[in-house]
Amino acid sequence: MSPYNFTATISAMADRTRIVILGGGFGGAYLAKELTKRLGSTEAEVVIIDRNNYFVFYPLLVEAGCGSIEPRHCTVPIREFAPKAELLMAEITGLDVPGKRVRIQHCGADDTHWVSYDHLIVALGSVTRILPDHICSGVKEHAFFMKTMSDAIVLRDRAIEALELANATDDPAQKKRLLHFVIVGGNVTGIEVVGELETFVREACSLYHHVSESDCSFTVYELAPEILGIVPEHLRNWAAHALEKRGISLKTGISVKEVHRDRVVQSNDEVVPCSTVIWTAGIAPNPLLTEMDGLTLNKFGGLDCNSDYSVVDCDNVWGMGDNAAVPGPNGKPMPPLAQIAIRQAPQVAHNIIATMRGGATKPGHVNVQGILVPLGRHKGIASIKGLKIHGVIAWMMWRGIYLMKTPRFGRKVRVALDWIIDLFCRRDFVQLGLLPKSHRELSHTHVEAEHGNDDH
Ligand SMILES: Cc1cc2nc3c(=O)[nH]c(=O)nc-3n(C[C@H](O)[C@H](O)[C@H](O)COP(=O)(O)OP(=O)(O)OC[C@H]3O[C@@H](n4cnc5c(N)ncnc54)[C@H](O)[C@@H]3O)c2cc1C
């Protein structure tokens with residue numbers, strides 16, 4: 001029997017409604033805050049279950065990886081953000097909808113527990129979509145991602161490693177390969193990544209004696225005819241032109257079908273040597289949903305929800321955020337964006353409380369307010385409520401808006417100071433030690449082989 005009574009941390013008052021939120025990310029954490037604000041502590045207890053005790057403030061993740069802000073400054077501690085909710089830092093491992101309980105494994109513990117609920121909200125977010133091998137092989141084994149804090153740091157470590165290896169070789173073809181970075185997926189995340197990574201890698205070159213900026217190359221593959229399909233044509237053309245002027249190659253209407261540690265194979269069979277492939281080609285609902293008993297899912301594996309956020313055919317189970325297909329005002333599922341999850345929170349809270357008190361629920365009605373894309377080097381594009389802006393003003397708007405949206409005063413100050421320091425001082429081009437051994441060994445083996453294991 002476990003020495004820990006984790007569920008004792010959530011009160012056992014029988015007359016209180018227990019609202020359990022799976023996932024304390026943008027959707028879950030904002031919902032917890034909203035519920036605890038609206039409900040008295042004698043009426044309900046709100047419990048968040050998340051594997052982390054923070055959530056990632058995603059709009060700043062790429063910058064955190066590429067060094068213009070300190071990585072931990074793009075996290076938001078859940079206990080501080082929603083102090084009246086109870087947080088269980090645990091892996092969610094199962095769900096029993098008929099039995100109204102969730103199975104969890106508390107962090108650092110070996111055994112699992114059941115936590116019962118009266119209302120359940122599933123806000124487990126999304127994962128990077130990895131295509132089956134017959135469409136593109138080698139992604140899981142060789143590609144890098146941009147979805148978690150460690151992904152961002154691993155990419156930074158990899159970029160530094162590629163620079164170090166390139167500096168240590170006098171073979172021009174190897175140098176070129178090592179400093180060729182490939183991004184698969186030319187929508188917002190892919191473009192944000194290439195914009196920041198290009199800045200990071202080329203700025204770092206000044207520290208290396210045997211590497212120059214012109215040795216570095218960056219290629220974005222996008223299967224659609226154009227990058228940034230989500231933004232208006234005029235802005236996407238402007239962005240494409242700005243990136244190409246910096247030497248970033250945009251290959252549209254084509255993708256890759258094989259990813260290897262030292263090359264990609266394009267869909268037209270052309271082989272392109274490179275060292276680092278970053279996979280940003282779409283997202284999929286959290287696959288854990290498919291393992292959970294009793295949830296109604298759509299054909300994409302997301303929660304099939306009614307327009308009031310309730311999950312189809314599941315009593316007192318609600319969905320929100322990236323893992324839920326909730327029909328919006330136009331009847332189509334609301335898009336997977338933080339700005340959507342945040343504004344869904346008050347509506348979900350209203351509907352849960354209405355159900356608890358015997359009232360009527362309301363349909364959700366959240367629209368995209370605007371899209372902002374930073375392109376690196378103090379440039380960006382912004383499309384907000386009919387306003388279309390590009391260049392330095394759009395970049396400043398991006399920073400201003402996300403600084404305002406960063407939760408809590410202390411975090412805003414930290415981020416603002418990081419940005420000010422970044423304007424005047426060189427970034428720290430150091431590894432933070434997260435690059436997995438598998439990737440490192442492969443790269444070293446290659447260069448050592450060329451140099452016959454000489455000390456260099
Ligand atoms: C690089 C990047 C940049 C982005 N930039 C923007 C932007 O500028 N603007 C915008 O609007 N959107 C942006 N997004 C999208 C946005 O981040 C998501 O739409 C948003 O986070 C969705 O919120 P969510 O609550 O559904 O999921 P999340 O915020 O991802 O939260 C899910 C939570 O569930 C937890 N979890 C998952 N599985 C388990 C488990 N088994 N056990 C325990 N806990 C678990 C996770 O730890 C996480 O905290 C960006 C996304 C990325 C990847």
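This short talk walks through the domains, sheets, helices and ligand shell of one protein model.

Ground rules first. The model is predicted: local features need pLDDT of at least 70, side-chain atom pairs count only at pLDDT 80 or more, and totals for chains, interfaces and linings use all residues. Residues are numbered from 1 along each chain as its sequence is written.

Let's start with the domains. The protein chain is assigned domain 1 (6–129 + 284–356) and domain 2 (139–281 + 426–451). Those bounds come from an automatic or database domain assignment. The centres of domain 1 and domain 2, taken over C-alpha atoms, are separated by 34 Å.

How many residues of domain 1 are in contact with domain 2? There are 14 residues of domain 1, and they are in contact with 19 residues of domain 2. Contact means that the C-beta atoms of two residues, placed from the backbone, lie within 7 Å. On the domain 1 side, H2 gives the most, with six residues. That side divides into seven nonpolar, five polar and two charged residues. For these classes, Ala, Val, Leu, Ile, Met, Phe, Trp, Tyr, Cys and Pro count as nonpolar, Asp, Glu, Lys and Arg as charged, and the others, Gly among them, as polar.

Now the sheets. A word on the labels: helices (H or I, at least four residues) and strands (E, at least two) are DSSP runs, numbered from the N terminus. Strands pair if DSSP finds at least two bridges between them.

Look at E2 (residues 44–50) and E5 (residues 86–96): they run parallel, joined by four bridges. Val 47 has Glu 86 in E5 as its bridge partner.

Another open sheet has four strands, ordered E12-E11-E10-E16, with parallel pairing. Here the edges are E12 (248–252) and E16 (276–279), each pairing on one side only. Neighbouring strands of this sheet are turned by 20 degrees on average, direction ignored. Five bridges link E10 (residues 180–184) with E11 (residues 217–222). Val 182 stands opposite Thr 219 in E11.

Next, helix H1 (residues 26–38). Axes here are lines fitted to C-alpha atoms, for helices over the stretch in contact, and angles run from 0 to 180 degrees between N-to-C directions.

H1 also meets H10. Their axes come within 8 Å and cross at roughly 35 degrees. On the H1 side, the residues include Phe 26, Tyr 30 and Leu 31; on the H10 side, they include Ala 338, Ile 342 and Ile 353. By class, this contact has 13 nonpolar, two polar and two charged residues.

Last stop, the ligand. Which residues are closest to the ligand? They are Gly 23, Gly 25, Gly 27, Gly 125 and Gly 321, out of 32 residues that surround it. A residue is near a molecule if its C-beta atom, placed from the backbone, lies within 6 Å of it. H1, H2 (61–66), E5 and H10 (338–356) each supply at least two residues of the shell. The shell has 15 nonpolar, twelve polar and five charged residues. Domain 1 and domain 2 each provide at least three residues of the shell.
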